[in-house]
Amino acid sequence: MSHVPAADRYDKLQYRRAGASGLDLPPFSFGLWQKFGTDHPYDTQREILLHAFDLGITHFDNADRYGPPHRAAQQVFGQVLKRDLAAYRDELILSTKAGNPIGPSPYLKGGSRKSLLTSLDNSLRDLGTDHVDIFYSHRHDPTTSLEETVGALVSAVQQGKALYVGISNYTPEPAAEVAALLRRAGVPLLAHQPRYSIFDRRPERDGLLKLAADQGFGLVVYSPLAQGLLTDKYLDGVPAGARAQNSAFLKPDVIDDTYRQRAAALNKIAADRGQSLAQLALQWVLRRPEVTTALIGASSTWQLDHNLKALDFPPLTADELSLIDEHGVH
Ligand code: NDP
């Protein structure tokens, strides 16, 4: 039987406008990068996705790469969409990305028209939908002209395969160029997806936050918990099943004495506010109006429930922000 979503799912979150667009996104969006693939039970993945939707999370972020293996996360989402959420497709903002390598072929990577549009067709098939809501160029490919990459994004919209377009991991200079090219083509840039957290301030330092405000695109920030490092889970070691135990993207050697000191100090600031470090870290990224939504991952429904409570706390004060800077910047 298909899922019956919570009737009060739209009473819980205050949706935030993506830049100058007309699109509202939830403050937290759900990403399927890790632990969504063939290496974890389908039922657990399904339970987390449906729980997210019940909590008011309408936006689910994917990419052709996500798995393992590549493409598997979208296939999992496709099954859930077909079996449980088919009646709610209009209430979902589905995104996918292309351009990061997913195989040895020259057409399975980069920013060419061939690579991006072929990937999009495969993603639509995997997701079981005729369009995505947001189609991203996953990263800047300096060997391909921005005209070609942007042309592929525009074609995706013109072909009805995407409603909006975005870019991810672009530095401000090419991002500004993309925004100008897209504007000229009549397909404004909806969003940029950078990494941003208490531990990673690059979007503040390199001017991306300012560019987003100036150009009117939203920021969909990823890894706001630094993949779990900005929670209390690694304060006393690496717990079984945690990402740092079995991911190519988070190695246990980052959990050293320096990390533990910084995390413990941040944990204390959070405790003094009556919240957890995860809740503090999530509130911290959402304090910026340029940030439309924080893209979070979760390996349990408990993590989702816990993290969404970040929205219940009073804003961070100037003193708290300085203390966070003292311990979070390195
Ligand atoms: P987070 O920083 O939110 O890390 C999420 C992970 O932290 C969870 O999977 C879980 O890992 C752990 N966690 C979450 N909540 C808690 C908690 N309360 N207590 C303890 N541990 C917790 O984000 P991700 O790094 O997962 O990235 C989110 C999304 O962003 C991705 O799924 C993807 O959609 C997008 N992204 C985009 C990229 C791009 O290049 N555009 C690159 C990377 C991500 P566990 O329990 O497994 O240890």
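Trainee: How far is an oxygen atom of the ligand from an N or O atom in the side chain of Asn 169?

Mentor: First, the ground rules. This is a predicted model, in which local features need pLDDT of at least 70 and side-chain atom pairs count only at pLDDT 80 or more, while totals for chains, interfaces and linings use all residues. Residues are numbered from 1 along each chain as its sequence is written, and side-chain values use heavy atoms, with hydrogens and water left out. As to the general idea, a polar contact is a pair of N or O atoms within 3.5 Å; within protein, one must be able to donate a hydrogen and the other to accept it, and residues adjacent in sequence count only if both atoms are side-chain atoms. Here the distance to the side chain of Asn 169 is 2.9 Å. Backbone atoms take part as well: an oxygen atom of the ligand is 3.0 Å from a polar backbone atom of Gln 227, and an oxygen atom of the ligand lies 3.3 Å from a polar backbone atom of Leu 32. Taken alone, the ligand exposes 920 Å², of which the protein buries 96%. Such areas come from the Shrake-Rupley method with a 1.4 Å probe; for residues, only the protein chains shown count as cover.

Trainee: How many residues surround the ligand, and which are the closest?

Mentor: A residue is counted as near if one of its heavy atoms lies within 4 Å of the molecule. The number is 33, and the closest are Lys 35, Asp 61, Lys 233, Arg 243 and Ser 299. By class, the shell holds 14 nonpolar, 14 polar and five charged residues. In this scheme Ala, Val, Leu, Ile, Met, Phe, Trp, Tyr, Cys and Pro are nonpolar, Asp, Glu, Lys and Arg are charged, and the others, Gly among them, are polar.

Trainee: Which helix gives the most to the shell around the ligand?

Mentor: Helices (H or I, at least four residues) and strands (E, at least two) are DSSP runs, numbered from the N terminus. Helix 11 gives the most, with four residues. Helix 11 (301-308) and strand 10 (291-296) each supply at least two residues of the shell.

Trainee: What does strand 10 pair with, and in which sense?

Mentor: Two strands pair if DSSP finds at least two bridges between them. Strand 10 pairs with strand 9 in the parallel sense, over four bridges. Within strand 10, Ala 294 is the bridge partner of Val 221. Strand 9 is also joined by two bridges to strand 8 (residues 189-193), again running parallel. There, Ala 191 stands opposite Gly 218 of strand 9.

Trainee: Why is strand 9 described as largely enclosed?

Mentor: Buried means under 20% relative accessible area, exposed over 50%, and partly exposed in between (1.4 Å probe, protein chains only). Four of the five residues of strand 9 (residues 218-222) are buried, so the rest of the structure largely encloses this strand.

Trainee: Where is Ile 324, and what is its relative accessible area?

Mentor: Ile 324 is in helix 12 (residues 318-328). Its relative accessible area is 0%, so Ile 324 is buried. Beyond its neighbours within four places in sequence, the contacts of Ile 324 include Ile 198, Arg 201, Leu 280 and Trp 284.

Technical notes: Contact means heavy atoms within 4.5 Å.
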